[in-house]
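Here are my notes for your first read-through. Keep the structure open and check each point as you go.

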Amino acid sequence: MRFEDLPPEDRYQIERAACRFLVAHCYVSLDEACQTLNLTLPDLWSHILQEAGLPESDPPAFAPFA
């Protein structure tokens, strides 16, 4: 499912999970995390959502954390 098509509350929970992941692992951006972990953005996004117990979605078209 597209991130942009999710209800606002779901998008908020996913954004919080992404922020918590970056802070917990001391990354300044999703791009830095992708490079360090040698993952594509969709793979990293999926990992973040699974780790947080959230439903799958595509990364945002405009990744505000990149």
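In which helix does Ser46 lie? Ser46 is part of helix α3. Bear in mind throughout that this is a predicted model.

1. Start with Ser46. Its relative accessible area is 16%. The cut-off for buried is under 20%, so Ser46 is buried. The Ser46 side chain also has a polar partner: it makes a polar contact with the side chain of Glu56, at 3.1 Å.

2. Now take in the whole of α3. This helix has twelve residues. From first C-alpha to last it reaches 16 Å, close to the 16 Å expected at 1.5 Å a residue. Its buried residues are Leu44, Trp45, Ser46, Ile48 and Leu49. What do they pack against? They pack against α1 (8-24) and α2. Just after α3 comes Gly53, with a positive phi of about 70 degrees.

3. Look next at how two helices meet. A packed pair is described by the angle between the axes and the distance between them. Helix α2 covers residues 30-37 and helix α3 covers residues 41-52. They pack at about 100 degrees, with axes 10 Å apart. Angles of 65 to 115 degrees count as roughly perpendicular, so α2 is roughly perpendicular to α3. On the α2 side, the contact is made by Leu30, Ala33, Cys34 and Leu37. On the α3 side, Leu41, Leu44, Trp45 and Ile48 take part. By class, this contact has eight nonpolar residues, no polar ones and no charged ones.

4. Move on to Pro59, in the segment after α3. Is Pro59 buried or exposed? Its relative accessibility is 18%, so Pro59 counts as buried. Leaving out residues up to four places away in sequence, Pro59 touches Phe3, Leu41, Pro42 and Trp45. Compare Leu39: Pro59 and Leu39 are 20 residues apart in sequence and 13 Å apart in space, C-alpha to C-alpha.

5. Finish with the loops. Most residues other than glycine have a negative phi. Please check two residues against that. Cys26 lies in the loop between α1 and α2, and its phi is positive, near 60 degrees. Asn38 lies in the loop between α2 and α3, and its phi is positive too, near 55 degrees. Are these residues buried or exposed? Cys26 is exposed, with a relative accessible area of 65%. Asn38 is exposed, at 70%.

How values were computed
Residues numbered from 1 in each chain as written. Predicted model: local features only at pLDDT ≥ 70, side-chain atom pairs only at ≥ 80, totals over all residues. Heavy atoms only, no water. Axes fitted to C-alpha atoms, helices over the stretch in contact; angles between N-to-C directions. Helix = DSSP H or I, 4+ residues; strand = E, 2+ residues; numbered from the N terminus. Parallel < 35°, antiparallel > 145°, perpendicular 65-115°, else oblique. Contact = heavy atoms within 4.5 Å. Nonpolar A, V, L, I, M, F, W, Y, C, P; charged D, E, K, R; others polar. Expected span 1.5 Å × (residues − 1). Buried < 20%, exposed > 50% of the residue type's maximum accessible area, 1.4 Å probe, protein only. Polar contact = N/O pair within 3.5 Å; in protein donor to acceptor, adjacent residues only side chain to side chain.
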